[in-house]
Amino acid sequence: MAKTKVTRIKASDSPKEKEVEKPITRKKVVIKDKKQEKAKKVAAKTEKKAEKKAEKKPFILIRPFVYLGRYLKDSWKELRQVRWPSRKATWKMVAAVLVYTALFVVVIMLLDAFFTWLFSLIIK
């Protein structure tokens, strides 16, 4: 058998053949700091805007109209985000609703006829 040489490495040994991790350069740290500062500024701006909105309260007689306007504006935004179905898909859904309704009507009519027959037997 051929002998293989086993090298034991202890924690106290210095890494000779292993790659040493590269230290973080100054530029990378500065870029991260700038990103963090920018995020903090954006958060501060949004907080200021929220405070200003909270401070402004419209006159009590105008308030319902302001709320109605806000509701209409938000509703319009939501409607613009809706992905409307095509004509073909709409007709498929209408047909499905009509078939389901017809089946439900038949089931209710059968139950009604059964209970009418049952009660007529009990009462007679």
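Is Phe-104 buried, partly exposed or exposed? I looked that up before anything else. Phe-104 comes out as partly exposed, because its relative accessible area is 46%.

**What I'm looking at.** I noted that this is a predicted model, where local features need pLDDT of at least 70, side-chain atom pairs count only at pLDDT 80 or more, and totals for chains, interfaces and linings use all residues. Residues are numbered from 1 along each chain as its sequence is written, and side-chain values use heavy atoms, with hydrogens and water left out.

**Confidence.** I checked pLDDT, the predictor's confidence in each residue, from 0 to 100. The protein chain averages 83, and 77% of the residues score at least 70. Among the elements, helix H1 (residues 26-55) has the lowest mean pLDDT, 75, while H3 has the highest, 97.

**Fold.** I found 3 helices and 0 strands in the protein chain, in the order α-α-α from the N terminus. Helices (H or I, at least four residues) and strands (E, at least two) are DSSP runs, numbered from the N terminus. Phe-104 sits in helix H3, residues 87-123.

**Surface.** I read that 0% of the 124 residues count as buried. The chain exposes about 13,800 Å², with 65% of it supplied by carbon and sulfur atoms. Areas come from the Shrake-Rupley method with a 1.4 Å probe; for residues, only the protein chains shown count as cover.

**Aromatic pairs.** How many aromatic pairs does the structure hold? I got 4. One of them is Phe-114 with Trp-117, a tilted pair at 6.3 Å centre to centre, with 40 degrees between the planes. Rings of Phe, Tyr and Trp (its six-membered ring) pair if their centres lie within 6.5 Å; planes under 30 degrees apart count as stacked, over 60 as edge-to-face and the rest as tilted. Both residues lie in helix H3, 3 residues apart, about one turn of the helix.

Phe-114 is partly exposed, because its relative accessible area is 42%. Trp-117 also counts as partly exposed, because its relative accessibility is 49%. I also wrote down that Phe-114, Phe-115, Trp-117 and Phe-119 form one aromatic cluster.

Notes
Buried means under 20% relative accessible area, exposed over 50%, partly exposed in between (1.4 Å probe, protein chains only).
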